[in-house]
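User: Please take one part of this model and go through it closely. I would like the surroundings described as well, in plain terms.

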Amino acid sequence: RPLLEIDRVTLQYKTTDSLVTATQSVSFNVHPGDRYILLGPSGCGKSTLLKAIGGYLQPTSGAIRLKGREVHEPGPDRMMVFQEFDQLLPWKTVRQNVEFALHASGRLQGRAAAERAEYYISKVGLAKFIDSYPHMLSGGMKQRVSIARGMAMEPDVLLMDEPFAALDALTRRKMQDELLRLWDDTQFTVLFVTHSIEEAIRVGTRILLLTPHPGQVRAELNSIDPSQ
Ligand code: ADP
Ligand code: ADP
């Protein structure tokens, strides 16, 4: 069976005077080692779907199952990297931010956690800043710490919502190349949201296209293998 099943998932937002359908009956399966890109224009429901997979939102109907078990809340098996870089604990260093996630989730303790943190911090090019506090880093560097922290958890699925949006073009390109090498070597399973076709083709092994429809936002999925 697939690692992750998105089974006829509809996601709606209820506001005081309206009902917004972000995704309607979206289905796809995620297999280990692939990198799935959720590609589509702004407003077509990409972030909403990713948050639901992360366990931050409940489907209005349908189900999201990881290894056959329905997900209802966030967990260390589905780490999410957000677009914004305001998620770090300001009173902890880069190293401590990454280690804290490992400790708190029960993933790793002591020397093993320290080594894991060092490895992923160096993978995002921040070895020299491992003992710096977040406020000493640029926005792009903080975002790279969040990426290192998400990866260090070695989740079943790494969920990334436009993780490179805050980086300048050169750093974005370096990160894409560096992380692609790492993901190919380690067979990370990644779900990656972007509106950039160029980024989708560069990063993905599978591209899921979400298309909005006038009147109601409805998603349809087509799987494109960019290597074909
Ligand atoms: P597999 O188990 O081989 O991964 P999937 O269930 O992921 O199969 O999907 C098989 C094909 O059907 C893929 O091309 C996928 O994108 C497409 N598909 C899945 N759900 C929908 C949908 N709601 N609308 C259109 N195409 C879909
Ligand atoms: P994308 O990530 O593709 O840009 P989103 O998932 O952010 O799309 O949004 C999908 C739809 O849901 C949009 O119409 C958006 O306006 C709406 N939406 C997103 N978040 C909320 C919210 N908290 N309350 C009400 N509507 C929302």
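Analyst: The lining of the largest pocket divides into 10 nonpolar, 5 polar and 3 charged residues (Ala, Val, Leu, Ile, Met, Phe, Trp, Tyr, Cys and Pro count as nonpolar, Asp, Glu, Lys and Arg as charged, and the others, Gly among them, as polar). This is a predicted model, in which local features need pLDDT of at least 70 and side-chain atom pairs pLDDT 80 or more, while totals for chains, interfaces and linings use all residues. Residues are numbered from 1 along each chain as its sequence is written, chains are lettered from A and ligands numbered from 1 in the order written, and side-chain values use heavy atoms, without hydrogens or water.

Of the 18 lining residues, Y56, M79, M80, A101 and R149 lie nearest the centre of the largest pocket. A pocket here is an open set of points on a 1 Å grid over the protein atoms alone, where a 1.4 Å probe fits, with protein on both sides within 12 Å along at least five of seven lines; lining residues have an atom within 4 Å of a point. The volume of the largest pocket is about 320 Å³, taken as the space filled by probe spheres set on the points. Two or more lining residues come from each of β6 (78-81), α2 (94-104) and α4, and β6 gives the largest share, 4 residues. Helices (H or I, at least four residues) and strands (E, at least two) are DSSP runs.

Helix α4 (residues 139-152) also has a helix partner. Its axis comes within 13 Å of that of α5 (residues 169-186), and the two cross at roughly 10°. That makes α4 roughly parallel to α5 (angles under 35 degrees). On the α4 side R144, I147 and M151 meet T171, M175, L179, L182 and W183 of α5, contact meaning heavy atoms within 4.5 Å. By class, the α4 and α5 contact residues are 6 nonpolar, 1 polar and 1 charged.

The second largest pocket, of about 270 Å³, has a lining of 3 nonpolar, 1 polar and 7 charged residues. Among those that line it are L66, K67, R69, E70, R78 and D156. L66 stands opposite L4, in the antiparallel pairing of β1 (residues 4-14) with β4 (residues 61-66) over 5 bridges; pairing needs at least two DSSP bridges. K67 takes a positive phi near 50° in the hairpin of β4 and β5, which has 2 residues between the strands.

How values were computed. Axes are lines fitted to C-alpha atoms, for helices over the stretch in contact, and angles run from 0 to 180 degrees between N-to-C directions. Angles under 35 degrees count as roughly parallel, over 145 as roughly antiparallel, 65 to 115 as roughly perpendicular and the rest as oblique.
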